[in-house]
Amino acid sequence: MSKEKFSSVGGQAVIEGVMMRNADLLATAVRKPNGDIVYKKTKISKNRSKLSTIPFIRGAITLFDSLVLGVKELTFSANQAEVEEEQLSQKEAVMTTIVSLALGIGLFIVLPSIISSFLFRDNKIHSNLLEAGLRLSFFVLYIFLISFSKEIQRVFQYHGAEHKSIYAYEQHLELTPENAKKFTTLHPRCGTSFLLIVMFIAIIVFTGLDFILPPPTSFTTKLLTKVVLRVLFMPLIAGISYELQRYTSNHLDNWLVKLIAAPGMALQRITTKEPDLDQLEVAIVAIKVVLNEPVENAIEVY
């Protein structure tokens, strides 16, 4: 394979498959019920806003961009894997994602803030400590509970296949399922690690806000202000988290950086599972396509 390395190769697990992406090309490979592997590749526009290059701002833009692309590729994978009797429309997939995002913000951001505010109305330190504990607990418990679903376990296996194939690429090995199988399923640039970093950065930012801003006159106003600010500041938190993850993933030889990255890597033990060779084969197809390498064991669909 070519030794030239793209600036970044990353991806995500989808339904019965893997999505991979580099700077200007995206590919999603899916195993159909009959055993065939199909893939779709999409050119990504290089004409990006200048904002997407500015540190601490580019994180929120990248996150939104990934969400939009992820919805499209999840729709494609669901339809190819034939998990529904009727194919999902793009509109249905977008609405499902919006509802899921709203529920996630409500459960992991708003609800902990409301509970802590009611229990500790006049103690900011105790309120913020409880809010942080609830937020982390809700997040880890949610990940743990969904991991028991057989369908989610399949997605987690493809998540592991994504990481293993990226490791094989990063080590300049021939892209085969056998070579990818040797590596760990844990990767420092994983989205799971990113979400956990977001949780920790949110603790720092939200605590700072509560101590810097003047306290509202009434409890109701205080609660509403607190909740609204937590939602509004999420893009900034995403931006800070993005920069921190970029730094830690490139400096894992430093003991302090390893310590910072450790919780996210540990959580991946839940969100990634050991894939079989068939699942690794699908991931290898996706990464080969974004590297413009020939693929002979899959069919391109448009």
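Reader: Which ground rules apply here?
Author: Residues are numbered from 1 along each chain as its sequence is written. Because the model is predicted, local features need pLDDT of at least 70 and side-chain atom pairs count only at pLDDT 80 or more, while totals for chains, interfaces and linings use all residues; side-chain values use heavy atoms, with hydrogens and water left out.

Reader: What makes two rings an aromatic pair, and how many are there?
Author: Rings of Phe, Tyr and Trp (its six-membered ring) pair if their centres lie within 6.5 Å; planes under 30 degrees apart are stacked, over 60 edge-to-face, and the rest tilted. That rule gives five aromatic pairs.

Reader: Why is the pair of phenylalanine 108 and phenylalanine 139 called edge-to-face?
Author: Their centres are 5.8 Å apart, within 6.5 Å, and their planes make 85°, over 60, so the pair is edge-to-face. Phe108, Phe139 and Tyr142 also form one aromatic cluster.

Reader: Why is phenylalanine 139 called buried?
Author: Buried means under 20% relative accessible area, exposed over 50%, and partly exposed in between (1.4 Å probe, protein chains only). Phenylalanine 139 has 4%, so it counts as buried; phenylalanine 108, at 12%, is buried too.

Reader: What makes phenylalanine 148 exposed?
Author: Its relative accessibility is 53%, so phenylalanine 148 counts as exposed. Phenylalanine 144, at 39%, is partly exposed.
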